[in-house]
Amino acid sequence: MRHLIDLLDGAVAAAYEEAGIDYRPRYTPVMRALEGGQPHTITQIAEAAGITQPAATQTVALMMKEGLLDASPGERDARQKVIRLSAQGQALLPQLRVCWQATRAAADSLDADLPHALSDTLAAAIAALQTKPFGARIRSARAAITRNQETS
């Protein structure tokens with residue numbers, strides 16, 4: 001699994017570099033959550049992007065350092081940050097959209113070359129893991145192995 005992720009993520013990162021964009025693939029879920037122009041809280045970004053809140057917090061911090069995002073205090077609660085694309089982030093969107101379209105076309109091409117579409121398999125795996133997380137599956141397997149060893 002790690003090797004597949006490295007192959008895919010590495011190719012996407014190289015595509016950004018080839019396009020002359022200094023941008024990390026991990027930023028894409030946050031950019032897509034904010035590309036409509038509406039400011040979001042970290043919680044809203046995490047939900048829209050389908051990532052954990054700690055991942056959203058860390059990614060937003062990196063993106064702010066690179067000038068892609070701006071933060072301001074929330075209207076109702078000044079302790080809560082409201083995040084939006086900066087002018088630099090907005091200016092990058094047209095180039096990113098071209099890259100995202102190319103990545104989508106490449107993913108469709110990969111799906112066509114496989115006996116079962118990778119995107120469908122991944123969606124099914126995510127759904128199965130939401131029903132029963134992998135950690136629970138490991139614990140169940142360990143318990144079954146332990147029971148079998150005790151009865152042997």
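User: Ala48 has its place in helix 3, in what is a predicted model. Why does Ala48 count as exposed?

Analyst: The term exposed is kept for a relative accessible area over 50%, and Ala48 has a relative accessibility of 53%. The value passes the cut-off, so Ala48 is called exposed. Ala48 can also be placed relative to Glu17, which is 31 residues away along the chain, with 26 Å between the two C-alpha atoms.

User: What makes Leu93 a buried residue?

Analyst: Leu93, whose place is in helix 5, has a relative accessible area of 1%. Buried means under 20%, so Leu93 belongs in that class. From Leu93 to Ala127 the separation is 34 residues in sequence and 30 Å in space, taken from C-alpha to C-alpha.

User: How do you know whether Met1 is buried or exposed?

Analyst: Met1 is found in the segment before helix 1, and its relative accessible area is 70%. Since exposed begins over 50%, the conclusion is that Met1 is exposed.

User: Why is the contact between Arg24 and Glu66 called a salt bridge?

Analyst: The rule asks for a side-chain nitrogen of Lys or Arg within 4 Å of a carboxyl oxygen of Asp or Glu. In the pair Arg24 and Glu66, the closest N and O atoms are 3.8 Å apart, so the pair meets the rule. Arg24 sits in the loop between helix 1 and helix 2, and Glu66 in the loop between helix 4 and strand 1, so the bridge ties together parts that lie 42 residues apart in sequence. Arg24, at 37% relative accessibility, and Glu66, at 29%, each count as partly exposed, because that class lies between 20% and 50%.

User: What parts does the salt bridge of Glu35 with Arg97 tie together, and how many salt bridges are there by this rule?

Analyst: Glu35 and Arg97 have their closest N and O atoms 3.0 Å apart, which is within the 4 Å of the rule. Because Glu35 lies in the loop between helix 2 and helix 3 while Arg97 lies in helix 5, the pair ties together parts 62 residues apart in sequence. Both are partly exposed, Glu35 at 22% and Arg97 at 36%. The count by this rule comes to three salt bridges, and one of them joins Asp108 and Arg104 at 2.8 Å from N to O. Asp108 and Arg104 both lie in helix 5, four residues apart, or about one turn of the helix. Asp108 has 39% relative accessible area and Arg104 has 44%, so each is again partly exposed.

User: What volume has the largest pocket, and which residues are closest to its centre?

Analyst: The largest pocket has a volume of about 1400 Å³. It is lined by 31 residues, and those closest to the centre are Leu8, Asp9, Val12, Thr103 and Leu122. Two or more lining residues come from each of helix 1, helix 2, helix 5 and helix 6, with helix 5 giving the most, nine residues. By kind, the lining of the largest pocket divides into 22 nonpolar, four polar and five charged residues.

Methods: Residues are numbered from 1 along each chain as its sequence is written. This is a predicted model: local features need pLDDT of at least 70, side-chain atom pairs count only at pLDDT 80 or more; totals for chains, interfaces and linings use all residues. Side-chain values use heavy atoms; hydrogens and water are left out. On a 1 Å grid over the protein atoms alone, a cavity is a set of points where a 1.4 Å probe fits but cannot get out, and a pocket is an open set with protein on both sides within 12 Å along at least five of seven lines; lining residues have an atom within 4 Å of a point. Grid points are joined across faces, edges and corners, and a volume is the space filled by probe spheres set on the points. Ala, Val, Leu, Ile, Met, Phe, Trp, Tyr, Cys and Pro count as nonpolar, Asp, Glu, Lys and Arg as charged, and the others, Gly among them, as polar. Buried means under 20% relative accessible area, exposed over 50%, partly exposed in between (1.4 Å probe, protein chains only).
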